[in-house]
Amino acid sequence: MALRCDLHLHSCLSPCGDGQMTPANIAGFAKLAGLDLIALTDHNSAENLPAIQRACDAYGLRLLPGLELNTAEEIHLLCYLPTVEAALTLSREVYPLLPNVRCDEAVFGSQQILDEEDHELGRLDKLLVSGCALSLSEAADRCRALGGVPVPAHIDRESYSVLSVLGLMPDTPAFEAVELRDLARFDPLVAAGRIAPGYQLLTGSDAHYLEDIAARVQLLDETSVLWPLIAGR
């Protein structure tokens, strides 16, 4: 049976995420949208994953832990992990590798860590949308070392994507899947010689606002590269 999934969501921990994108709200809206599974992929941090795991449990949703890592090249890489603990390990390795740029909340928005009832536990000071010191290859290797699956994010975007930065999909590191905002754009990218065929194609809403949750739904089954991370959840 295929699961209805939104594989790319941001909470209010991401400075670009709306303040209403709290763990309880995200889980509630996802349930109302008829989703079976969500992936929370905040920028360079997994600190809201414990709360959203508990919120998902309360709503009968599955959670795929993740984060959207911004590499040294300014490429966004979705890192899907087998457990919340593994995602937190990667998150806490990445945070010291971010530049010492303070998040000016008046400019960028706040970076809130919440509990499952949306009470604030704290805020992160470093600007989470900055590029960290890990290269694309290093970030993919570290994700895999923790049992995860790295997926280049929104490769059809004109910024912060592997194709916009590098021009072509590199041979190394090798990836099994890529994410697109519009899956119909993959074949033209292949025809243009910018990426080889054969990748599994994923999509997600990249929601920063509650109303965008489930704007793009991915159906996942046992043929997906992500299934080993999902099957036990």
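**Exercise 1. Cysteines**

Is Cys 56 buried or exposed? Determine also how many disulfides the structure holds.

*Solution.* The model is a predicted one.

Step 1. A residue counts as buried if its relative accessible area is under 20%. Cys 56 has a relative accessible area of 0%, so Cys 56 is buried.

Step 2. A disulfide requires two cysteine sulfur atoms within 2.5 Å. The closest cysteine sulfur to that of Cys 56 belongs to Cys 5 and is 12 Å away, which is too far for a bond.

Step 3. The same test is applied to Cys 132. Its sulfur is 9.1 Å from the closest cysteine sulfur, in Cys 79, and this is again too far for a bond. Cys 132 is buried as well, at 4% relative accessibility.

Step 4. For the structure as a whole, the count is 0 disulfides.

**Exercise 2. A helix and its surroundings**

Identify the buried residues of helix H2 and state which elements they pack against.

*Solution.* 

Step 1. Helix H2 spans residues 49-59, and its buried residues are Leu 49, Ala 51, Ile 52, Gln 53, Ala 55 and Cys 56.

Step 2. After H2 comes Gly 60, with a positive phi near 75°.

**Exercise 3. The nonpolar cores**

How many residues does the largest nonpolar core have, and which of them have the most contacts inside it?

*Solution.* 

Step 1. The largest nonpolar core has 54 residues. Those with the most contacts inside this core are Ile 26, Ile 38, Leu 81, Ile 155, Met 169 and Ile 213.

Step 2. Helix H3 (residues 84-94) supplies the largest share of this core, 6 residues.

**Exercise 4. Salt bridges**

How many salt bridges are counted? Describe the pair formed by Arg 123 and the pair formed by Arg 157.

*Solution.* 

Step 1. Side chains of opposite charge can pair when their charged atoms come close. The cut-off applied is 4 Å between a side-chain nitrogen of Lys or Arg and a carboxyl oxygen of Asp or Glu.

Step 2. By this rule the structure has 9 salt bridges.

Step 3. Arg 123 pairs with Glu 105, and their closest N and O atoms are 2.8 Å apart. This pair links distant parts of the chain, since Arg 123 lies in strand E6 (residues 120-123) and Glu 105 in helix H4 (residues 105-108), 18 residues apart. Arg 123 is partly exposed, at 37% relative accessible area, and Glu 105 is partly exposed at 40%.

Step 4. Arg 157 pairs with Asp 206 at 4.0 Å, N to O. The two residues are 49 residues apart: Arg 157 is in the loop between strand E7 (149-152) and helix H6 (162-166), and Asp 206 is in the loop between strand E9 (200-202) and strand E10 (218-220). Arg 157 is partly exposed, at 25%, whereas Asp 206 is buried, at 11%.

Step 5. A further salt bridge joins Asp 182 and Arg 185, with an N to O distance of 3.8 Å. Asp 182 is partly exposed, at 33%, as is Arg 185, at 39%. Elsewhere, salt bridges with shared partners join Glu 105, Glu 120 and Arg 123 into one network.

How values were computed
Residues numbered from 1 in each chain as written. Predicted model: local features only at pLDDT ≥ 70, side-chain atom pairs only at ≥ 80, totals over all residues. Heavy atoms only, no water. Core = buried A, V, L, I, M, F, W, Y, C linked by side-chain atoms within 4.5 Å. Buried < 20%, exposed > 50% of the residue type's maximum accessible area, 1.4 Å probe, protein only. Helix = DSSP H or I, 4+ residues; strand = E, 2+ residues; numbered from the N terminus. Contact = heavy atoms within 4.5 Å.
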